[in-house]
Amino acid sequence: MVRLYVGGQQVGTLDENPDVLRKLVEAGETVEFRTEGGRGLGTFQPKTEPICPWEPELTKAEIDRRCQKPGKTLAEILERLGAE
């Protein structure tokens, strides 16, 4: 039986809960696969996509902070773009 570990702690097995791996991957967790005896079989680390591809360091906290700032009116945006 293959046991799943996250952060060194056992979180279950595929036999006991087939959905556990999917849930861990969706949460972005790195999962270790080990035998019943504790021998390491491998590690899976999901690839995470940035929130904003053109600003990969952007965090959710920074997005929230920016949303709290007042924005510009449509007229101001159009004027800046030189629209008539």
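These are my notebook entries on one predicted chain.

**Ground rules.** I worked with a predicted model, where local features need pLDDT of at least 70, side-chain atom pairs count only at pLDDT 80 or more, and totals for chains, interfaces and linings use all residues. Residues are numbered from 1 along each chain as its sequence is written, and side-chain values use heavy atoms, with hydrogens and water left out.

**Overall layout.** I looked up the elements and found 3 helices and 4 strands. Helices (H or I, at least four residues) and strands (E, at least two) are DSSP runs, numbered from the N terminus. Their order along the sequence is β-β-α-β-β-α-α.

**Dimensions.** I noted a C-alpha trace spanning about 70 × 20 × 20 Å along its principal axes.

**Burial.** I checked how much is buried, meaning under 20% relative accessible area with a 1.4 Å probe, protein chains only. The share is 15% of the 84 residues.

**Cys 52.** I found Cys 52 in the loop between β4 (40-44) and α2 (60-68). Cys 52 is buried, at 8% relative accessible area.

**Arg 34.** I placed Arg 34 in strand β3 (residues 31-34). Its side chain makes a polar contact of 3.0 Å with that of Glu 32. Such a contact is a pair of N or O atoms within 3.5 Å; within protein, one must be able to donate a hydrogen and the other to accept it, and residues adjacent in sequence count only if both atoms are side-chain atoms. Leaving out residues up to four places away in sequence, I listed what Arg 34 touches (heavy atoms within 4.5 Å), including Met 1, Tyr 5 and Leu 41.

Methods: Buried means under 20% relative accessible area, exposed over 50%, partly exposed in between (1.4 Å probe, protein chains only).
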